[in-house]
Amino acid sequence: MIRVLLAEDQAMVRGALASLLGLEPDIEVVGEAASGPEALTVALRTRPDVALLDIEMPGGDGITAGARIREALPGCHIVILTTFGRPGYLRRAMEAGAAAFLVKDSPARELAAAVRRVRAGERVVDPGLAAMALSAGPNPLSPRERDVLAASAGGSTIGDIAARLHLSEGTVRNYLSSAIQKTRARNRMEAVQHAQAQGWL
């Protein structure tokens, strides 16, 4: 029996996925969570073989939660589920140790098959998304540029960003300038939108 943790912030979607996986004779959903931090807590309690994590959840994304679960439970295989087929998400998920990356509109039988395959040690990636990621190339932003750009997403001032990230205002301006240049944007809001569309943030 393959023990599965399911983390998805939308209760109806989570319930539907749990019901579908519950129909499989060799899969048991042993825990459910609605956020990234809760996923880690439930994983530590239930010790699943496979963790199915939605990429966008409150309190931290599925990629971050997956990395933390892998760190605490190295034997747990991470499957990232997403509504948004952004190439940057795929690259970040693979770099964080995810074994599979699937788009939510895949048929249920494909999800069950992916669970079995990752439990057997394989990697599973949606083919269309893999092709997009290859053509998009790597994320050009450094980790600090990503932090500063993400912090500016809500329209925060330079001073607010500097205080939040413990940087000088001049350093924040330099990182923003570099990020704007790398994303070929005209201003920081455009840079944020472009980076989010690519899945870089």
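Guide: Helix H1 (11-22), strand E5 (100-103) and helix H5 (108-119) each supply at least two residues of the lining of the largest pocket. Helices (H or I, at least four residues) and strands (E, at least two) are DSSP runs, numbered from the N terminus. The model is a predicted one, in which local features need pLDDT of at least 70 and side-chain atom pairs count only at pLDDT 80 or more, while totals for chains, interfaces and linings use all residues. Residues are numbered from 1 along each chain as its sequence is written, and side-chain values use heavy atoms, with hydrogens and water left out.

Visitor: Which residues lie nearest the centre of that largest pocket?

Guide: Leu17, Ser106, Pro107, Ala108 and Leu111 lie nearest the centre, out of 14 lining residues. A pocket is an open set of points on a 1 Å grid over the protein atoms alone, where a 1.4 Å probe fits, with protein on both sides within 12 Å along at least five of seven lines; lining residues have an atom within 4 Å of a point.

Visitor: How much space lies in the largest pocket, and what classes of residue make up its lining?

Guide: The space is about 170 Å³, a volume being the space filled by probe spheres set on grid points joined across faces, edges and corners. The lining has 11 nonpolar, 1 polar and 2 charged residues. Ala, Val, Leu, Ile, Met, Phe, Trp, Tyr, Cys and Pro count as nonpolar, Asp, Glu, Lys and Arg as charged, and the others, Gly among them, as polar.

Visitor: How many cavities of 30 Å³ or more are there?

Guide: The count comes to 1 cavity of 30 Å³ or more, a cavity being a set of points where the probe fits but cannot get out. The largest cavity holds about 40 Å³ of space.

Visitor: What lines the largest cavity?

Guide: The lining consists of Ile63, Gly66, Ala67, Arg70, Ile78, Ile80, Ala93, Ala96, Gly97 and Ala98. H3 gives the largest share, 4 residues, and both H3 and E4 supply at least two. By class, the lining of the largest cavity has 7 nonpolar, 2 polar and 1 charged residues.

Visitor: Turning to the largest nonpolar core, which members touch the most others?

Guide: Those are Ala51, Leu53, Ile69, Ile78, Ile80 and Phe101, in a core of 25 residues. A nonpolar core is a set of buried Ala, Val, Leu, Ile, Met, Phe, Trp, Tyr and Cys residues joined through side-chain atoms within 4.5 Å; buried means under 20% relative accessible area, exposed over 50%, partly exposed in between (1.4 Å probe, protein chains only). Strand E1 (2-7), helix H2 (36-46), strand E3 (50-54), helix H3 (62-72), strand E4 (77-82), helix H4 (87-95) and E5 each supply at least two residues of this core. H4 gives the most, with 4 residues.

Visitor: And what is Ile69 in contact with?

Guide: Neighbours within four places in sequence aside, Ile69 is in contact with Leu5, Ala39, Leu40, Ala43, Ala51, Leu53, Cys76 and Ile78, where contact means heavy atoms within 4.5 Å. A second, separate core of 20 residues includes Leu111, Ala112, Val118 and Val124.

Visitor: Where is Cys76, and is it buried or exposed?

Guide: Cys76 sits in the loop between H3 and E4 and is buried, with a relative accessible area of 1%.

Visitor: What about Asp49: buried or exposed?

Guide: Asp49 is buried, at 15% relative accessible area, in the loop between H2 and E3. Beyond its neighbours within four places in sequence, Asp49 is in contact with Met1, Ile2, Arg3, Gly75, Cys76, His77 and Arg119.

Visitor: Which residues of helix H7 are buried?

Guide: In H7 (residues 143-151), Glu145, Val148, Leu149 and Ala151 are buried. They lie on the same side of H7 because they cover an arc of only 165° around the axis, taken from the directions from the helix axis to the C-beta atoms. Their cover includes helix H8 (158-165), helix H9 (169-182) and helix H10 (188-198).

Visitor: Last topic: what is the phi of Arg47?

Guide: Arg47 has a positive phi of about 50°, although it is not a glycine. Most residues other than glycine have a negative phi. Arg47 is in the loop between H2 and E3 and is exposed, at 53% relative accessibility.
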